[in-house]
Amino acid sequence: MKERPYTTLDSYIQRYQLEDLFPASFRQHMKVSPFEKGETLFSAGDELEELYFLVEGKIKIFTLTPEGKSLINRFKRPLALIGDVEYVKGSPVLNSVEAVTEGVMISAPFSHLTELEKEHPSFIRFLLETVAHKFYTESHTTSMHMLYPVEVRLASYLLSISSVGEGTVFHQEMRTSNLIELAEWIGTSYRHLNRVLKKMASDHVVERANGSVTIKDLEKLRTLAKGNIYE
């Protein structure tokens, strides 16, 4: 990730009401880093040195299997926190993170956060609430995942990886090999997944052409996704 000038930091602090967490005197240690669509931001096993806040854009959290397959765990929008568990536990990155769209993160170094904890108990409370919420939502998503029909799971997936405004699903996400992996991830067969895609196409929700899928009716897709179970 590239670094942006410090002058843009305060606007993000104000936008997300983080003034109580990061007093003005602490912000000299923070930075603003933009990223590009498709960029790998963190890989499993990386050692983090900073706590990151997603303030613009969308990212996906995924795991690579021993066979090299990508299993998506979750999609995140602002204000998502990356590195909270790693900061608390002192552990390497568990899951990889990739940019679905271009965006921006702001970050604070672990070394200075330990000092902030001593002076601002509100920061510790924030971390506790964030980690607790993360584990609750991940557990809830896992338990609910298989309770939804394939149509809802697929619609949610397509909605999550689409570029909002463009209505286009990334071509590389929809290759046959990735459709097979997607079928495994959402708990269905490749054949059934194709049937659902064909049904969506016949209902003019999506269009399939040249190995890619284009969203034709974003509102219909959002209705099918029931609010998007993966975000």
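Helices (H or I, at least four residues) and strands (E, at least two) are DSSP runs, numbered from the N terminus. The views show a predicted model, in which local features need pLDDT of at least 70, side-chain atom pairs count only at pLDDT 80 or more, and totals for chains, interfaces and linings use all residues. Residues are numbered from 1 along each chain as its sequence is written, and side-chain values use heavy atoms, with hydrogens and water left out.

**View A. Lining of the largest pocket.** The largest pocket holds about 480 Å³ of space. Among its 22 lining residues, Val-85, Glu-86, Leu-94, Asn-95 and Lys-134 are the closest to the centre. A pocket is an open set of points on a 1 Å grid over the protein atoms alone, where a 1.4 Å probe fits, with protein on both sides within 12 Å along at least five of seven lines; lining residues have an atom within 4 Å of a point. Grid points are joined across faces, edges and corners, and the volume is the space filled by probe spheres set on the points. At least two lining residues come from each of β5 (70-76), β6 (80-82), α2 (84-89) and α4 (121-145); α2 gives the largest share, 4 residues.

**View B. Packing of α5 and α7.** Helix α5 (residues 150-161) packs against helix α7 (residues 190-202) at an angle of about 70°, and their axes are 10 Å apart. Axes are lines fitted to C-alpha atoms, for helices over the stretch in contact, and angles run from 0 to 180 degrees between N-to-C directions. Val-150, Glu-151, Leu-154, Ala-155 and Leu-158 of α5 meet His-192, Leu-193, Val-196, Leu-197 and Met-200 of α7 (contact means heavy atoms within 4.5 Å).

**View C. Salt bridge of Arg-27 and Asp-10.** The closest N and O atoms of this salt bridge are 3.2 Å apart. Arg-27 lies in the loop between α1 (9-15) and β1 (31-35) and Asp-10 in helix α1, so the pair ties together parts 17 residues apart in sequence. A salt bridge is a side-chain nitrogen of Lys or Arg within 4 Å of a carboxyl oxygen of Asp or Glu, and the count by this rule is 7.

View D. Pro-78 and Leu-79 are joined by a cis peptide bond with omega about 5°. Leu-79 is in the loop between β5 and β6. Gln-17, in the loop between α1 and β1, has a positive phi near 55°.
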